[in-house]
Amino acid sequence: MRLPPTEETPAVSRPPVGGRVLVVGGDPGVTAVIAVGLRPRFETETGITVAEALAQVGKEPLSLIIVDLAHGDLDAAFSIRALAARSPDCQIIVIGSTEHAGIADHLAGLHVHGFFTRPVDFGALVARVSFLSADDNSPDACALALSRCSAKVLDFLSTHYAESFNLDSLARAVGVSPGSLVRAFLHDTSRNLRSFRCEVRVEVAKQLLVHEDHKLERVAEMTGFVDGSHLSRVFRLHTGRSPGQYRVEIRSPRPEDSRAVHVRRRPGPTKVDLSPSAAGVVR
């Protein structure tokens, strides 16, 4: 069964109740999956480096900063301190390799509540975020939790978001039946797989638009959209702005200082079918 391309209309949801979260890191797939996974409970934003985020987060206080350190960037500790200074009560979670373990010494005095090594355990990360926000008195502040199945789906999407795959191949990669995967993911995230994957692609596209000079067709290819027009339509639905407007409004004033964005991609048009009964692939 082959379906036509869709506009992937964003799901309508209640306003975030858990505060504002900034997810920063050099791997846009990882930061996008974390940011999308924490919605709609939190208002989430993504970025490439903490230093660049300083110019983008504005004056509204942050509730949580999740920093994915890359390339041995221990100097990020100073930027984390500068960012946390704007939100004194902000909590911090660090993702890195074992070589980054010593960064805790440089973050003494800040509210660091977790250090996760790669590969990221998305289930444990979401559980930690849920624990940190458990004192929220809002009646809508339900606990966040991912089953092992959903955590594996997030891990898969963090590296394969732009690739071609169908529900059966995803279920095989995760190790469950297609039906079980669909039910578990919908229960854990309140979204279907197609919608979630589209949000991840839009988040990656945001980072590419801000930190790279690629033309729109190239950004579409790298993020799994059919073409530039398809990306533009979906991007506007999710952000209220065209890709060009977003690039002009959000782009770092010093793009030459940006770290390179490493995107795992597959050349050529990308197709995907995540419907429960589909046997083929779709755009």
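Analyst: Let us begin with R194, which lies in helix 9. Please keep in mind that this is a predicted model.

User: Is R194 buried or exposed?

Analyst: The test is the relative accessible area, and a residue under 20% is called buried. R194 has 14% relative accessibility, and therefore counts as buried.

User: How far apart are R194 and L167, in sequence and in space?

Analyst: The two residues are 27 places apart in sequence, and their C-alpha atoms are 9.9 Å apart in space.

User: What does the chain as a whole look like in these terms?

Analyst: The chain has 283 residues, of which 51% count as buried. Its secondary structure comes to 12 helices and 7 strands. Among contacts between residues at least 6 apart in sequence, 70% join residues at least 24 apart.

User: How should I read a sheet, and in which order do the strands lie here?

Analyst: In general, strands of a sheet pair through backbone hydrogen bonds, in either a parallel or an antiparallel way. In this model, 5 strands form an open sheet with parallel pairing, in the order 2-1-3-4-5. Strand 2 (43-47) and strand 5 (111-117) are the edge strands, each pairing on one side only. From one strand to the next, the twist averages 15°.

User: Which residues show the pairing of strand 1 with strand 3, and with strand 2?

Analyst: Strand 1 (residues 20-25) pairs with strand 3 (residues 64-68) in the parallel sense over 5 bridges. V21 has L64 of strand 3 as its bridge partner. Strand 1 also pairs with strand 2 in the parallel sense, over 5 bridges. There, R20 stands opposite E43 of strand 2. Between these two strands the chain passes through helix 1 (residues 28-37), and this β-α-β crossover is right-handed.

User: Where does the chain have cis peptide bonds?

Analyst: P40 is placed in the loop between helix 1 and strand 2. Another cis peptide bond joins R118 and P119, with omega about -5°. P119 belongs to the loop between strand 5 and helix 5 (122-132).

User: How do I read a nonpolar core, and which residues of the largest one touch the most other members?

Analyst: A core is read through the contacts among its buried nonpolar residues. The largest nonpolar core has 56 residues, and I34, L38, I66, I93, L181 and V200 touch the most other members. Helix 9 (residues 193-211) gives the most to this core, namely 10 residues. If neighbours within four places in sequence are set aside, L38 is in contact with V21, T44, I66, V126, V129 and L144. There is also a second, separate core of 18 residues, which includes L62, A77, L83 and V94.

User: Which residues of helix 10 are buried?

Analyst: They are V219, A220, M222 and T223. Their arc around the axis is only 165°, which puts them on the same side of helix 10. Their cover includes helix 9 and helix 11.

User: Which residue just after helix 10 takes a positive phi?

Analyst: It is G224, where phi is about 95°. S190 is a residue other than glycine with a positive phi, near 60°.

User: Where does S190 lie, and is S190 buried or exposed?

Analyst: S190 lies in the loop between helix 8 (178-189) and helix 9. Residues over 50% relative accessible area are called exposed. With 58%, S190 is therefore exposed, whereas R194, where we began, is buried.

Methods. Residues numbered from 1 in each chain as written. Predicted model: local features only at pLDDT ≥ 70, side-chain atom pairs only at ≥ 80, totals over all residues. Heavy atoms only, no water. Pairing = 2+ DSSP bridges. Helix = DSSP H or I, 4+ residues; strand = E, 2+ residues; numbered from the N terminus. Axes fitted to C-alpha atoms, helices over the stretch in contact; angles between N-to-C directions. Right-handed = clockwise from strand over helix to strand, strands pointing away. Core = buried A, V, L, I, M, F, W, Y, C linked by side-chain atoms within 4.5 Å. Buried < 20%, exposed > 50% of the residue type's maximum accessible area, 1.4 Å probe, protein only. Contact = heavy atoms within 4.5 Å. Arc of directions from axis to C-beta.
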